Amino acid sequence: MAATDTHRAKSLARIRAIQAEIANLDAICSGTLTRRMTTCGNPRCRCARGERHGPYVRWGHMVKGRLVQRWLSAEEAPRFAAANRAFRALKRLLHAWERESLRILEDPDRRKS
Ligand SMILES: [Zn+2]
């Protein structure tokens, strides 16, 4: 049917656009970044009076099913933040890619549900 071919062509065009966006991504990293204020434990430090140190950025991600966390340096933090945004964008793009793929793969009569 001609209409179906048109829809498939549109979905294919959207897939090509998604692929172009993915090709523009550089470094990616999964997990989450959290900003923390800390105390150093020295009772004479200003942090003992409530003026805590930081913010420091901690990166947590899963490795073989285990959560691994580490502190990032001030230089690393913005790079990791950008890579984390890129990772989230990649996940959104992959979901969109799959959505468009189903429009191509599935028989149109089965998509009523
Ligand atoms: Zn301190």
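The legends below accompany several close-up views of a predicted model.

Residues carry numbers from 1 along each chain, in the order in which its sequence is written. Because the model is predicted, local features are described only at a pLDDT of at least 70 and side-chain atom pairs count only at pLDDT 80 or more, whereas totals for chains, interfaces and linings use all residues.

**View 1. The whole chain, with its secondary structure and overall dimensions.**
The protein contains two helices and three strands, where helices (H or I, at least four residues) and strands (E, at least two) are DSSP runs numbered from the N terminus. Along the sequence these elements follow the pattern α-β-β-β-α. The radius of gyration, taken over C-alpha atoms, is 23 Å, well over the 13 Å that the globule rule gives for 113 residues, so the protein is more spread out than a compact globule; the rule itself is 2.2 Å times the number of residues to the power 0.38. Taken along the principal axes, the C-alpha atoms fill a box of roughly 80 × 30 × 25 Å. Buried residues make up 4% of the 113 residues, a residue being buried if 20 or more other C-beta atoms lie within 10 Å of its own, exposed if 12 or fewer, and partly exposed in between, with C-beta atoms placed from the backbone. Of the contacts between residues at least 6 apart in sequence, 56% join residues at least 24 apart, where contact requires that the C-beta atoms, placed from the backbone, lie within 7 Å.

**View 2. Confidence of the prediction along the chain.**
The pLDDT, which is the predictor's confidence in each residue on a scale from 0 to 100, averages 93 over the protein, and 94% of the residues score at least 70. Confidence is lowest in helix 1, at a mean of 91, and highest in helix 2 (residues 76-105), at 97.

Three strands form an open sheet in the order 1-2-3, with antiparallel pairing, two strands being counted as paired if DSSP finds at least two bridges between them. Strand 1 (32-38) and strand 3 (66-72) are the edge strands, each of which pairs on one side only.

Strand 1 and strand 2 (residues 53-63) pair in the antiparallel sense over six bridges. Within this pairing, L33 has W59 of strand 2 as its bridge partner, while R35 stands opposite V57, also in strand 2. P55 belongs to strand 2 as well, and the peptide bond leading from G54 to P55 is cis, with omega near 5 degrees.

**View 3. The hairpin that joins strand 2 to strand 3.**
Strand 2 and strand 3 pair in the antiparallel sense over seven bridges, and the bridge partner of V63 in strand 3 is R66. The hairpin has two residues between its strands, and there K64 takes a positive phi near 50 degrees, a positive value in a residue other than glycine. K64, in the loop between strand 2 and strand 3, is exposed because it has 5 other C-beta atoms within 10 Å.

D5 lies in helix 1 (residues 2-23) and is exposed, with 9 other C-beta atoms within 10 Å; the C-alpha atoms of D5 and I104, 99 residues apart along the chain, are separated by 9.1 Å. A96, in helix 2, counts as partly exposed because it has 15 C-beta neighbours inside 10 Å. The C-alpha atoms of A96 and I15, which are 81 residues apart along the chain, are separated by 8.2 Å. R92 is also found in helix 2 and is exposed, with 11 other C-beta atoms within 10 Å; between the C-alpha atoms of R92 and I18, 74 residues apart along the chain, the separation is 9.8 Å.

Key
Contact = placed C-beta atoms within 7 Å.
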